[in-house]
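Q: Could you walk me through this model, chain by chain and then contact by contact? I'd like the cut-offs spelled out as we go.

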Amino acid sequence: MWWKYLIFLAMSVIIWFSFTTPAPQQQIGEASRIFYYHIPQAWICVMAFTMSAYYSIKYLKKRNAIDDDCAADASRLGLLFCFLATLTGAIFAKVTWGAFWNWDPRQTSIFILLLIYGAYFALRGAIEDSERRAGLSSVYAILAFVTVPFLVFVLPRMVPSLHPSDSVINKDLKFTMGPQVRTIFFSSLTVFTVMFFWIFNILKKTNILRRKIEAGTI
Amino acid sequence: MNGNYVALVTTLAIWVGLFIFLMRLDKRIKELEKKFK
Amino acid sequence: MPENSAGLVSKATAVYVKDLRLELRSRVGLNAVFMFGLTTLAVVSFALGQASLSPKILGALFWIIIFFSAMSGLAQVFVREEEAQTALALRLNADPDAVFLGKLIFNFSLLIVMTAVITPLFFVFTDAPEAGALNFLIILALGVIDLCAATTLVAAIIAKASVKGALFAVLSFPILMPMLIALTLASDKILAGGSLSEVSGHLQFLTAYAIVMLTASVMLFKYVWQE
């Protein structure tokens with residue numbers, strides 16, 4: 001319990017420093033601060049998707065309803081973070097390169113991820129029987145997950161990047177990340193991850209409770 | 001510095017709000033778990 | 001239950017032949033797919049008039065036509081089973097791998113027939129350069145394989161949904177998008193007269209994609225089939 005207050009402190013400190021220390025990337029200027037938030041969001045989005053695929057596989061093997069619940073919840077959170085990542089990315093793109101969207105390979109990937117999440121929930125919404133819903137959406141989650149390596153690793157190599165965009169900047173941030181920037185960035189990454197699991201756990205407990213109530217073990 | 005200040009305050013406000021919301025959820029869940037166990 | 005390969009192939013063929021017969025009788029799938037392709041092509045050609053398009057746009061246009069034609073015709077191979085309620089009989093008589101294989105080959109045949117007609121027409125109507133035509137066929141072949149490799153499983157999934165609507169396209173598109181991007185980029189280069197070696201990266205991508213999708217589909221199909 002106490003650790004939650006620590007997280008509160010940590011995140012507050014991170015937010016404070018993210019805006020008061022010099023901008024991480026001098027060439028881009030103040031807008032580069034968004035990286036402290038944008039990259040962790042994107043990372044969590046992919047992690048959530050992986051968890052969803054994991055729980056989907058678990059469900060197909062053991063057919064425990066709670067696994068499907070976890071897969072769906074991981075996807076819900078993933079969708080939220082995906083949306084946030086797309087938003088912060090587009091804002092950054094507008095400020096830096098003048099356009100909200102340019103089909104840069106990473107933008108394309110996050111867009112496809114958004115579509116996958118959307119499709120997953122469209123599928124769930126279209127099936128009434130809960131067991132069938134769980135089974136079919138699990139299959140889809142796994143199938144969609146299989147395409148992710150293509151998106152993350154192969155696409156950026158294939159599609160010409162119109163801008164001196166993400167890869168250059170990422171490299172810059174990594175190599176020229178001063179100790180201060182590095183601290184803030186990795187702290188942000190850690191805190192975001194902890195936040196994800198905290199919320200995920202809340203959702204999981206809610207599901208367990210709901211199933212208990214439904215099963216009548218009141 | 002001004003734009004940063006606005007962003008800083010907004011982000012902090014969102015964070016505080018989110019944190020309080022989550023803590024309340026946590027409390028509710030704890031109560032429910034006690035009730036049903 | 002161990003199934004020897006001869007049994008698998010003969011069962012798959014039986015499924016394929018059955019679907020083929022049904023299709024030839026009613027021509028539902030063929031109609032949908034042809035009508036869509038021809039209409040789109042006609043509209044594009046009409047709008048173009050005498051103007052010609054850059055290879056980039058031609059490539060994109062072609063795959064848009066093929067993709068949406070596929071969307072209109074590839075789902076019915078499973079949906080028909082559910083609607084006619086023959087799915088149960090099929091489940092009892094053939095094992096999942098055979099069913100999947102048979103339906104996969106059926107969708108493949110459907111696409112081959114469609115593209116065999118649409119592609120030459122496309123070249124004629126849009127005045128696309130013939131320079132890269134032969135190379136283009138290779139990209140076309142890979143594209144068709146990728147298309148049915150990915151969409152056959154999705155078709156099986158949506159066949160079991162209560163509300164189908166546009167679900168097939170909604171589910172297929174995100175999964176197909178990497179492939180469509182590769183196809184469009186490669187088509188652009190090829191139609192501009194490039195050689196196959198220029199697009200070797202894309203060809204590798206498309207081949208890898210086909211293998212991954214086929215493997216994943218075959219492994220996942222039984223879970224869909226038994227719902």
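**Chains, contacts and core**

A: In chain A, residues 24 or more positions apart account for 73% of the contacts with a separation of 6 or more, where two residues are in contact if their C-beta atoms, placed from the backbone, lie within 7 Å. This is a predicted model, in which local features need pLDDT of at least 70 and side-chain atom pairs count only at pLDDT 80 or more, while totals for chains, interfaces and linings use all residues. Residues are numbered from 1 along each chain as its sequence is written, and chains are lettered from A and ligands numbered from 1 in the order in which they are written.

Q: OK, and how many helices and strands are in chain A?
A: Chain A has seven helices and zero strands, counting DSSP runs numbered from the N terminus, with helices being H or I of at least four residues and strands being E of at least two.

Q: What share of chain A is buried?
A: Of the 218 residues in chain A, 39% are buried, meaning that 20 or more other C-beta atoms lie within 10 Å of a residue's own, whereas 12 or fewer makes a residue exposed and anything in between partly exposed, with C-beta atoms placed from the backbone.

Q: Is Glu128(A) buried or exposed, then?
A: Glu128(A) is exposed because 10 other C-beta atoms lie within 10 Å. Glu128(A) sits in the loop between helix 4 (105-125) and helix 5 (130-158) of chain A, and its C-alpha is 21 Å from that of Ile213(A), a residue 85 positions away in sequence.

Q: Switching to chain C, what does it look like overall?
A: Chain C has nine helices and zero strands, and its C-alpha trace spans about 55 × 35 × 30 Å along the principal axes. Buried residues make up 46% of its 227 residues, and residues 24 or more positions apart account for 85% of the contacts in chain C with a separation of 6 or more.

Q: And what is the radius of gyration of chain C?
A: Chain C has 18 Å, which agrees with a compact globule of 227 residues, since that would have a radius of gyration near 17 Å; the radius is taken over C-alpha atoms, and the globule rule is 2.2 Å times the number of residues to the power 0.38.

Q: Which pair of chains shares the most contacts?
A: Of the two pairs of chains in contact, that is chains A and C, with 27 residues taken from chain C and 26 residues from chain A. On the chain C side, helix 8 of chain C gives the most, with 11 residues, and the residues of that side divide into 22 nonpolar, three polar and two charged. Here Ala, Val, Leu, Ile, Met, Phe, Trp, Tyr, Cys and Pro count as nonpolar, Asp, Glu, Lys and Arg as charged, and the others, Gly among them, as polar.

Q: What about chain B?
A: Its contact with chain A takes 17 residues from chain A and 16 residues from chain B, and helix 7 of chain A gives the most to the chain A side, with eight residues. No contact joins chain B and chain C, whose closest C-alpha atoms lie 32 Å apart.

Q: Last one: which residues touch the most other members of the largest nonpolar core?
A: Among them are Leu123(A), Tyr140(A) and Ile157(C), in a core of 132 residues, a core being a set of buried Ala, Val, Leu, Ile, Met, Phe, Trp, Tyr and Cys residues joined through C-beta atoms within 7 Å. Helix 7 of chain C supplies the largest share of this core, 17 residues. Not counting residues up to four places away in sequence, Ile157(C) touches Leu136(A), Val139(A), Tyr140(A), Leu171(C) and Val224(C).
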